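Subject: Structure handover

Hi,

Here is the structure I promised to pass on. Have a look at it first, then read my notes below.

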Amino acid sequence: MGWPGGSGPGGPESHATAAGEVLAANRAYYDAFEAADIDAMSALWEHGERVQCTHPGWASLRGWGAIAGSYFALFGNGRSLQFILTDEHVEVVGDTAWVSVDENILGTEIGATANALNVFVRGPHGWRMVVHHASQVVDTEEP
């Protein structure tokens with residue numbers, strides 16, 4: 001088991017390897033979203049009732065069925081989105097990891113930034129997403 005900072009059992013090398021794997025899974029999530037690829041998105045998520053997803057402006061969804069339906073609807077709306085990820089930070093503790101990231105979203109009808117937290121759990125098939133929570137950043141500066 002790796003520990004934050006690479007100390008403890010597993011040492012720094014295994015912690016760095018796990019962090020790299022989690023970052024790859026996180027990037028694969030955004031690649032699947034940009035490609036509107038429901039199969040790739042499905043492969044990234046754990047399929048169970050404990051999973052949760054909150055898209056910006058949406059109510060929270062629980063369970064893989066509801067979450068899969070949301071991506072099916074988003075991918076079927078004909079809009080193309082591009083994500084430019086900034087301030088990406090990963091933490092790994094044992095078989096659980098989380099990535100905080102700013103999603104700079106570009107599309108034909110949208111330009112926005114959201115703060116996201118993506119939680120992954122390592123299982124027999126590698127790292128799978130169990131939580132995605134994104135909130136739109138609102139510009140509060142006065143004109």
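A quick word on exposure: buried means under 20% relative accessible area, exposed means over 50%, and partly exposed is in between (1.4 Å probe, protein chains only). This is a predicted model, so local features need pLDDT of at least 70 and side-chain atom pairs count only at pLDDT 80 or more, while totals for chains, interfaces and linings use all residues. Residues are numbered from 1 along each chain as its sequence is written, and side-chain values use heavy atoms, with hydrogens and water left out.

Salt bridges. A search of the whole structure gives three of them (a side-chain nitrogen of Lys or Arg within 4 Å of a carboxyl oxygen of Asp or Glu). Arg50 pairs with Glu46, with 2.6 Å between the closest N and O atoms, and Arg50 is exposed at 54%. Asp95 pairs with Arg122, where the closest N and O atoms are 2.9 Å apart. Asp95 sits in the loop between S3 and S4 and Arg122 in strand S5, so this pair ties together parts 27 residues apart in sequence. Helices (H or I, at least four residues) and strands (E, at least two) are DSSP runs, numbered from the N terminus. Asp95 is partly exposed at 42%, as is Arg122 at 28%. Glu88 pairs with Arg27 at 2.8 Å between the closest N and O atoms; this pair links distant parts of the chain, strand S3 and helix H1, 61 residues apart.

The largest pocket. It holds about 480 Å³ of space. A pocket here is an open set of points on a 1 Å grid over the protein atoms alone, where a 1.4 Å probe fits, with protein on both sides within 12 Å along at least five of seven lines; lining residues have an atom within 4 Å of a point. There are 23 lining residues, and Phe33, Leu74, Leu81, Ile105 and Ile110 are the closest to the centre. H1, H3 (64-75), S3, S4 (96-107), S5 (111-123) and S6 (126-136) each supply at least two residues of the lining.

Which residue in the loop between H1 (11-35) and H2 (38-44) is worth a look? Ala36 is in that loop, and has a positive phi of about 50° although it is not a glycine. Ala36 is partly exposed at 38%. Asp87, in strand S3 (residues 81-93), also has a positive phi, near 50°, and is exposed at 61%.

Cheers

Terms used:
Points joined across faces, edges and corners; volume = space filled by probe spheres on them.
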